[in-house]
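I opened the notebook to look up a few things in this structure. My entries follow.

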Amino acid sequence: MKTIEEYKQQLLVRKISDGVVIDGLHPGTAFLALKLLKLDYENPDRKQSILPIMHVYSEKFNRWKDMLKLEGGEDLISFVEQQSGYLALISENDVRINCIKDWEIIKKFTPEIPGELEGILNCSNMKCVTNREKNVATLFAISQNGRGYEAKCVFCDNYMDKTQIRKNIA
Amino acid sequence: MCWVQIETKREFPKNVIRFQDYSAEQLLKLFDLAETIRNNRESYAHVLDGKVMESLFYEASTRTRLSSESAMLRLGGRVTGFSGTEGTSVKKGESLEDTIRMASSYGDVIVLRHMDDGSAEWASRCSKVPLINGGDGENQHPTQGMLDLYTVWRELGDISGKSAVLAGDLKYGRTTHSLVVGLGMFGARAVLVSPENFEMPEKYIRMTLEQNPSFDFVKAGSLEDAVKETDVLYMTRIQRERLPDESEYNKIKSRYEFREEHAEMMKDRAIIMHPLPKVDEIAYRVNKDHRAKYYDQAENGVFMRMAMLCKIFGVEK
């Protein structure tokens, strides 16, 4: 029988053998991150497990954080790698991606936000053509300034700051 | 010190969507061409023979539509299209994309006025032929901005270093959104005078500062203080429909009505402009003032749009 000390040493969620650990997400953003990744988690045929972990304290970073543990094969790893840039929208430079194979970390990186985002955000300007016409995919140019990332609608030139970006994830 | 962007940014844009797609040098060349056409109408009368303009106006327009169509006809081209969506498939729910795809196979150039912000950019991506933005929602009206600057350049000989008061509805008045970018581009000073809740949206100030980081602009509270030193007064209509009731409209109207006593305060060489239609914001008697240039401004629109069409079709003479 485990002692209290042994329980204290144990992780809240066990390690994964293969997949991706998305670490360092800002607290409260795990579900936004899942939304941004657009993982196909309603398909029972996909052999993947998704574990959102919210509001855990990191001794290493000395702050609260969210995490995602995504267990699956190599196709999951490459899919997350492709989509990972979007995660910088909500956690900027703090997010770390760890790709895991046979219990070992094979790749570690900080995702960089793409210069353009197509179909990822809604425009906060309700008079924008992307909100009024059917089947118009939104397109935003991303730039960085002193206040963090900013998205500019390519159609109506509406600017969205970090808070608006979070509110308008499609 | 005045700042003018002199380098050529790029080729003359195929589509006329937003003011900031142009450099000051490109605009000056356009104004020169408009002058050449004005003085040599006969030699430009057939340069667009065989070309067709699709004039698609989803919203009401008098000057933009008529002067665009007149410009095409004066260059030898022809015009088809609609004014208002009554009697078109738009009423049946046809998308903007489908209308534009269809129209771009009928015509060689499209002029579009549409009620949605950003509709011109979207339409240009759906079109096979060049597209001119005749006003997209509350966003921009680039050809109006160009003819406004053309008028300033023509009347005052220069734009750089001049001071312009933009007064009235600067929030919904899309002509001022394009004009402010143009003023900044040429190193002119802008004084913004508007009622509460009708201020210039921040994004257009930002766009102007992106073009010219030392853009000189101030916000002023009253028309009286602003008009004394200005070279250009640009009045716009307060849109009655944007206000909750008639009494609110009357209150604002009286504060932003330009009257003869205001004209008396202005410099003799200054000019008074208005994109039209005007309702109550300029007193009738001001029409006779030698500085009132709004009818010339409307006339200039035809030559500026003729020059624009020549540039789009690569007509060089």
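I take helices as DSSP runs of H or I of at least four residues, numbered from the N terminus. With that settled, I note that the model is predicted.

Entry: I checked the backbone just after helix 2 of chain A. There A:Lys38 takes a positive phi of about 55°.

**Entry: helix 2 itself.** Is helix 2 of chain A enclosed or open? I counted buried residues, with buried meaning under 20% relative accessible area. Of the 8 residues in helix 2 (residues 30–37), 6 are buried, so the helix is largely enclosed by the rest of the structure.

**Entry: the whole chain.** I then stepped back to chain A, which has 6 helices and 9 strands. Its C-alpha trace spans about 65 × 40 × 25 Å along the principal axes. Buried residues make up 46% of its 170 residues. I looked at contacts between residues at least 6 apart in sequence, and 61% of them join residues at least 24 apart.

**Entry: surface and charge.** I read an accessible surface of about 9700 Å² for chain A, with 49% belonging to carbon and sulfur atoms. I count 24 positive and 24 negative side chains in chain A. The centres of the two sets lie 4 Å apart.

Note on methods:
Residues numbered from 1 in each chain as written. Chains lettered and ligands numbered in written order. Predicted model: local features only at pLDDT ≥ 70, side-chain atom pairs only at ≥ 80, totals over all residues. Heavy atoms only, no water. Buried < 20%, exposed > 50% of the residue type's maximum accessible area, 1.4 Å probe, protein only. Helix = DSSP H or I, 4+ residues; strand = E, 2+ residues; numbered from the N terminus. Contact = heavy atoms within 4.5 Å. Areas by Shrake-Rupley, 256 points an atom, 1.4 Å probe, with all protein chains shown as cover. Lys, Arg positive; Asp, Glu negative; His and termini not counted. Charge placed at Lys NZ, Arg CZ, Asp CG, Glu CD.
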